[in-house]
Amino acid sequence: QVEFVESGGGLVQPGGSLRLSCAGSTFSLENYAVGWFRQAPGKELEGVACMMNSDGSTHYADSVKGRFTVSRDNAKNTMYLQMNSPEPEDTAVYYCGADPAHYVSTAQAMCARRHLERWGQGTRITVSS
């Protein structure tokens with residue numbers, strides 16, 4: 001059962017921009033902490049950008065801080081990842097994920113989690129000229 005519908009992946013040039021979207025299809029995001037995770041070839045899953053539902057607080061991996069922005073629109077039941085100035089090192093499969101808000105206390109804790117209740121199917125991002 002597809003819980004999220006991810007879109008926006010593909011090829012992007014270094015220094016360009018790209019926005020990923022992830023729409024909840026079977027549940028409401030309103031009571032969930034959300035996050036974007038990625039897995040590059042040969043590397044472990046990494047929490048990239050996460051956001052709490054209570055106060056909108058966010059956490060970013062050091063490697064993307066200042067370049068990526070996570071956001072959510074509960075009315076549209078959708079979360080986003082705006083990727084600015086991507087670098088070749090950002091090449092990976094990106095997954096959106098969500099956990100019930102009472103499971104996590106901070107956005108940083110959300111990004112450290114690996115066994116989430118809800119996952120998207122993943123979308124491949126390739127950063128190359």
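Buried residues account for 47% of the 129 residues in the chain; buried means under 20% relative accessible area with a 1.4 Å probe, counting protein chains only. This is a predicted model, where local features need pLDDT of at least 70, side-chain atom pairs count only at pLDDT 80 or more, and totals for chains, interfaces and linings use all residues. Residues are numbered from 1 along each chain as its sequence is written, and side-chain values use heavy atoms, without hydrogens and water.

The chain holds one helix and 11 strands. Helices (H or I, at least four residues) and strands (E, at least two) are DSSP runs, numbered from the N terminus. Their order is β-β-β-β-β-β-β-β-β-α-β-β. The radius of gyration is 13 Å, close to the 14 Å of the globule rule for 129 residues, so the chain is as compact as a globular protein of that length. That radius is taken over C-alpha atoms; the rule is 2.2 Å times the number of residues to the power 0.38.

Now to strand β5. Residues 46–51 form β5, and five of its six residues are buried. Two strands pair if DSSP finds at least two bridges between them. The pairings of β5 are tabulated here.

| Partner of β5 | Bridges and sense | Facing residues | Turn glycine |
|---|---|---|---|
| β4 (residues 32–39) | five, antiparallel | Gly35 and Cys50 | Gly42, positive phi of about 75 degrees |

The hairpin of β4 and β5 has six residues between its strands.

Methods. Buried means under 20% relative accessible area, exposed over 50%, partly exposed in between (1.4 Å probe, protein chains only).
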